[in-house]
Amino acid sequence: MNIIQKDQVHFSFDAANAPVDYAESGEEVTFCTQDCYCEQIQEDGYDFQSIDMRRNNPVTGPLYVKGAEPGDVLRVEIKNITMAPEGSMTARSGAGVYEIEGNHCRKFSIEDNQVLFDQDICVPVKPMVGVMGTAPEGDAVSAQSPGEHGGNLDIKDLGEGALLYLPVKVSGGLLSMGDIHAVQGDGETVICALEVSGEIKVKVDVLKDRKDIPTPFIVTKSHYLTTASDESLNKSSVAAARKMHRFLQRHSELTDAQSGMLLSLAGNLRISQVVNPEKGCIMEFPIGLAKETFEK
Ligand code: CA
Ligand code: CA
């Protein structure tokens with residue numbers, strides 16, 4: 001099985017990035033990934049000023065998937081996420097949504113699937129992948145940004161068992177990923193989650209003639225999720241909701257009015273993150289409720 005080592009990193013999704021590995025459609029590949037600080041936070045209380053923030057959000061790859069051509073969809077199934085036994089966080093002045101004095105770096109241990117936040121507080125882990133995307137066809141996109149190519153989505157539902165559908169814009173797709181979070185809340189409000197190094201095992205499949213899939217699109221065991229990103233939360237929220245509205249009309253017998261009513265009853269419009277250059281929203285809808293016919 002293919003294993004891509006964690007020193008094979010880059011910092012933007014770019015058609016010019018040379019592939020570091022090749023896979024057939026249907027193959028499993030393991031991406032070894034560094035945490036979002038390139039593992040620079042070495043101890044609890046580390047001096048934030050010592051971190052080179054130009055080395056932020058490394059992604060491992062890219063992987064060239066044979067047979068993937070522009071117009072196709074790349075389905076990435078997250079089979080397994082393994083994590084290092086400790087993670088890092090920062091809280092700092094002028095970043096995230098809170099008013100915080102000074103810059104703080106912390107390390108937290110993970111034991112028995114719990115983050116040991118302090119002596120009294122434990123948080124159960126729920127591992128997820130923060131960044132996963134394909135190369136765009138035009139200008140490179142920083143690995144800090146989410147977008148139509150996927151990228152820095154920071155959607156907590158992207159955990160084990162989830163399927164992420166990404167557009168193929170260049171031959172091979174050029175899939176890269178990184179930024180594992182041991183756990184993250186909706187919003188990622190302090191600007192980071194529990195940032196961990198680890199390994200992501202995925203299965204990649206090239207899907208032909210699937211213009212019906214509103215990429216970047218997520219299917220979990222229980223829900224569909226449409227996604228959108230924009231500098232304005234007003235815009236990304238409406239865009240994510242409308243994508244699901246169109247999805248229901250395309251894949252069920254429901255009319256526009258019926259789809260809207262059902263989404264208003266049973267769909268959840270959520271903020272995924274508010275800390276990246278473009279803010280992310282998702283619309284989630286329970287699989288099967290619309291008697292839809294979507295082929296995964
Ligand atoms: Ca992230
Ligand atoms: Ca992160």
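Me: Which elements do the buried residues of H1 pack against?
Reply: This is a predicted model, in which local features need pLDDT of at least 70 and side-chain atom pairs count only at pLDDT 80 or more, while totals for chains, interfaces and linings use all residues. Residues are numbered from 1 along each chain as its sequence is written, chains are lettered from A and ligands numbered from 1 in the order in which they are written, and side-chain values use heavy atoms, with hydrogens and water left out. Helices (H or I, at least four residues) and strands (E, at least two) are DSSP runs numbered from the N terminus, and contact means heavy atoms within 4.5 Å. On that basis, the buried residues of H1 pack against E20, E21, H2, E22 and E23.

Me: Within what arc do the buried residues of H1 fall, seen down its axis?
Reply: In H1, Ser236, Ser237, Ala240, Lys243, Met244, Phe247, Leu248 and His251 are buried, where buried means under 20% relative accessible area, exposed over 50% and partly exposed in between (1.4 Å probe, protein chains only). The face turned away from this buried side carries the exposed residues Asn234, Lys235, Arg242, Arg246 and Arg250. The arc is that of the directions from the helix axis to the C-beta atoms. The buried residues of H1 line one face of the helix, because seen down the axis they fall within an arc of 135°.

Me: At what angle to E23 does helix H1 run?
Reply: Axes are lines fitted to C-alpha atoms, for helices over the stretch in contact, and angles run from 0 to 180 degrees between N-to-C directions. Helix H1 (residues 233–251) lies across E20 (217–219), E21 (223–230), E22 and E23 (279–286), and its angle to E23 is about 30°.

Me: Which elements do the buried residues of H2 pack against?
Reply: Helix H2 (residues 256–266) lies across E22 and E23, running at about 100° to E23. Its buried residues are Ser259, Leu262 and Leu263, and they cover an arc of only 100° around the axis, which puts them on the same side of H2. On the other side of H2, Met261, Ser264 and Leu265 are exposed. The buried residues of H2 pack against H1 and E23.

Me: Which strands stand at the edges of the open sheet of nine strands?
Reply: The sheet has the order E1-E5-E19-E7-E16-E20-E21-E23-E22, with mixed pairing, where two strands pair if DSSP finds at least two bridges between them. Neighbouring strands of this sheet are turned by 25° against each other on average, direction ignored. Two strands have a single partner strand each, so one side of each is left without a neighbour in the sheet, and these edge strands are E1 (2–4) and E22 (268–273).

Me: How many bridges join E7 to E19?
Reply: Strand E7 (residues 73–83) pairs with strand E16 (residues 163–167) in the antiparallel sense over five bridges, and in E16 the bridge partner of valine 73 is proline 167. Towards E19, arginine 75 stands opposite aspartate 205. E7 and E19 also run antiparallel, and the number of bridges joining them is 10.

Me: Which residue bridges the calcium ion (ligand 1) and the calcium ion (ligand 2)?
Reply: Donors are N, O and S atoms within 2.8 Å of the metal (3.2 Å for Na, K and Ca), and water is not among the atoms, so sites may look incomplete. The calcium ion (ligand 1) is coordinated by Asn152 (OD1), Asp154 (OD), Asp154 (OD) and Asp179 (OD), at 2.2 to 2.5 Å. The protein donors of the calcium ion (ligand 2) are Asp179 (OD), Asp179 (OD), His181 (NE2), Glu195 (OE) and Glu195 (OE), lying 2.2 to 3.0 Å from it. The two ions lie 3.4 Å apart, and the residue that bridges them is aspartate 179.

Me: How many residues apart in sequence are the parts that histidine 181 and glutamate 195 tie together?
Reply: The donor residues of the calcium ion (ligand 2) are spaced D-x1-H-x13-E in sequence. Histidine 181 is buried, with a relative accessible area of 0%, and glutamate 195 is buried too, with a relative accessible area of 2%. Histidine 181 lies in strand E17 (residues 175–181) and glutamate 195 in strand E18 (residues 195–196), so the separation in sequence of the parts they tie together is 14 residues.
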